[in-house]
Amino acid sequence: MSKYNIWFFSSLTVALIVALPILTVFSSFFLETSNYFSVLKNTFLYDYIFNSFTILFFVLIITFFLGVTAAYFVSFYEFPLSNFFSWALILAFAVPSYIFAFSIIAFFENYGTAFSILTYLFGENNYNPYIPKLDGIFGSVLSISFSLFPYVYVLTRSSFFYQSNNYIEVGQNLGLSEKETLFKIILPSARPAIIAGLALVAMETLSDFGTVAFFNVSTLTTGIYNSWLSFDDLNSANQISFILLVFILVLFSIEIYSRKEAKYHQPGRGFKPIQKIKLNTKRSLLATAFCSIVFFISFIFPVSQMIYWTFKFPKYFQDIDLLNINLNTLYLVILASLILVFVSLVINYGNRISKSKILNYLTNFSISGYAIPGIILAVAFITFFSTLSEVVSNNLNFKLTKDLFIGSIFGLILAYFIRFFSLSFNGIKSSYEKINNSIDESAYLLGYTKVKTFSTIHIPHLKNNIILIIVLISLEIIKELPITMILRPFNFETFATQAYVFASQDLLEAAALPSLFLIGWATIFILFASRYILSNKN
Amino acid sequence: MSKAFLEIRNGNFFASDKNKVTNVNLVVENRGEIVSLLGPSGVGKTTILRTIAGLQKIHSGEIKLNGEIISSDKIHIEPEKRNIALSFQDNSLFPNYKVIDNINFGKKRSNGNSSFKTEEIIKILHIEQILNKYPHQISAGEAQRVSLARSLVSKPNLLLLDEPFSNIDQNLKEEIQYSVKRLIKKFNLTTIIVTHDSYEAFSLADKCGVILNQELKQFDVPYNVHHEPNSIEVAKFLNKGVFIDVKVVNSDCAVHSLRHKELGEIRGKLLGNFPSGANVKLLLQPEDLIHDDQSKLKLEVVDRKFRGTNFVYTLKTEKGEQIPVFVHSHHIHQHERSEKFGIKTPIFIDHLVCF
């Protein structure tokens, strides 16, 4: 088979498309800086960096504590509701941090929900001075931590699950106490998984736009947005993007490295599942209380707040075009996930049958899209296609390039493709790698052609995983805010954009209904996906 | 001249720098013959099988099946068009199909015209109980048997088996080996078996090839490979004896004789041409010397191993040579270490293999 065949060109095309934002951002770094960027450099830029990293620091501490502690309890101990918590704690993924932020403000603001509860319980009084105001950096840290800790929880829990009981028994045999076993055996061997989880949290935290924008905290992401929207300075936006991207790519490398390390902790022959220990009353109370509090704050609290407001202000049922938003969301989800899965299947299959190293490098490069924050991607996307549009209209007299890519469904889907290709590609790849090469060879020897092997052997094997990938892509798209908000067609709303638009106009009560729908859809997707995430086979 | 069923001419097989076999010449004259390829792990046996199956291209040389070139520098028939079945050493069952469906995949190749009765194959391979299970629900040994069944029902022109019995329990192995051989012979199915187990290679095959140091060192009937290895390397690989220094005393008569300083005269049929008076190395296998308590020829026991049907005594000559000797385990009089062990004289060995 020639080196430069159809598989090579397919992979090259995907790699180039996914590399667009990175190439745009990196090339902009070498362009001349505008006055605005010079001013920014001497004034707010350090504030942006300082705020971003302050939030990151505290989020990492909190998510580490919440994720690892919860994973430890549900993996090693039996206590009331432990089985329930093992999957219920993942539901926090259904609440994007910006919606958690709406709930915090709604609850703690003057005359907010907390005020109503106190009035109901203790009669009328001015409680406002006694209710803490959780906003700014503090509010951002809380919102982001409670919505992102499941990354650490899921990866740590899965690492704990694969820790063979043999190690723990050997530890006990060598005279280690329970505490020593935790710190000397369990945690060190889960370290790569914990670091991978924290790296994901860090990437998401630095990429967060909705929460910090809502709390009016100046960070690198809001800096990018403001440079573009308020100062109409795409070049400065890209230069801030460059700074953010450097940090993110470092974290991305840490995440990839840690995942590779985590593979060494997968079970081999002689794997013995962990025997859960039944806790005594006092300790089981502590474990149940901890998990209940985390579950309550991360999921029940924002959901209740949104339900409360939705029914307190029923007029928005009429004001918001729910059917249209549902259809818009469904439309994006189906279109994007089908395209992503189809392309991922083709590229994975090409890699498999051509066994080319160049193809492998190309596809490895393609998955970097996952590391790019939505806001950077959206701004870079606009930069690239504005420039392309200028070039095309000057040289070819074709004026529709910009309209084709910016503010169109096509452009939006293309941006989702760049952002979520790695999720789709890697998801299918991990399942594909479980099909031994000798299985393909057996099929050929039994007279099956390559195409027939793909349709008869590969597809039935990948079926479940394809469904899971579609669900995960759907979950990401439904929660996605900056790309959708910036690149969507005029007046095209999803639950995320509708909720954010209302919230940014200080109409929090109106944001409740779309937020609730968003959480509802996301919960359904998560419950579906958790069957796979928590199953022993995956 | 009738054409050979399978012919490999000047075949160079290449998987990597370490894993390659060069200049292979091998002919399977008749349909229905069983050939075993024997050699240590990683020597390139599987590479040869994969190349014959068409999963890899031949580096140089050619392979002919039924007189038609299937692999050469210029020709490469795709694996799906060769009608050659390969049963892999590792699990190659289709994971999302039940065992019975996996076996039926083989049937599709033979278009249902297989004269091989699927039920008979299933019964012989003892897999009746697992037909409705999925591959991940069965053991490695069972998976190997299912893979074998799938290959058999596909009614191939040529059957290639890569370590087909390596994962099967010892108590079942011999029975299955015997049944599979019977089946292959019954259906006149030409088969090449790759193995690193010499007992398996000798008991199953009509002809046996030994691959060592990237070359096919010997290709002969199993009896000859065992008793008349054509090189020190083959003899050492088979690990069935030791070499001792002897002098050729008489190489002209019908019964030849050699002399060893301590063991004295050793008689038998000398293989190869060595002049009288030549110093040579004689292959001494454990079954060659016979224990005799009454004998005056005695050597010191340095080790004794119980091997079920036999004891293997290791005896030491004054020169320090260590010689293994089989003694039936029912033999009442046992010898401890450092004791003297009698050997029947004069020593007579059917084939005197010397180098």
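Of the 538 residues of chain A, 47% count as buried, a residue being buried if 20 or more other C-beta atoms, placed from the backbone, lie within 10 Å of its own. The model is predicted, with local features requiring pLDDT of at least 70, side-chain atom pairs counted only at pLDDT 80 or more, and totals for chains, interfaces and linings using all residues. Residues are numbered from 1 along each chain as its sequence is written, while chains are lettered from A and ligands numbered from 1 in the order in which they are written.

Chain A contains 24 helices and two strands; helices (H or I, at least four residues) and strands (E, at least two) are DSSP runs numbered from the N terminus. Its radius of gyration, taken over C-alpha atoms, is 25 Å, close to the 24 Å of the globule rule (2.2 Å times the number of residues to the power 0.38), so chain A is as compact as a globular protein of 538 residues. Among contacts in chain A between residues at least 6 apart in sequence, 84% join residues at least 24 apart, a contact requiring C-beta atoms, placed from the backbone, within 7 Å.

In chain B, four strands form an open sheet in the order β17-β16-β15-β18, with antiparallel pairing; two strands pair if DSSP finds at least two bridges between them. Strands β17 (322-328) and β18 (340-342) of chain B lie at the edges with a single partner strand each, so one side of each has no neighbour in the sheet. Strand β15 (residues 298-306) of chain B is joined to β18(B) by three bridges, the two running antiparallel. Within this pairing, Glu300(B) has Lys340(B) of β18(B) as its bridge partner.

Conventions: Buried ≥ 20, exposed ≤ 12 C-beta atoms within 10 Å, placed from the backbone. Contact = placed C-beta atoms within 7 Å.
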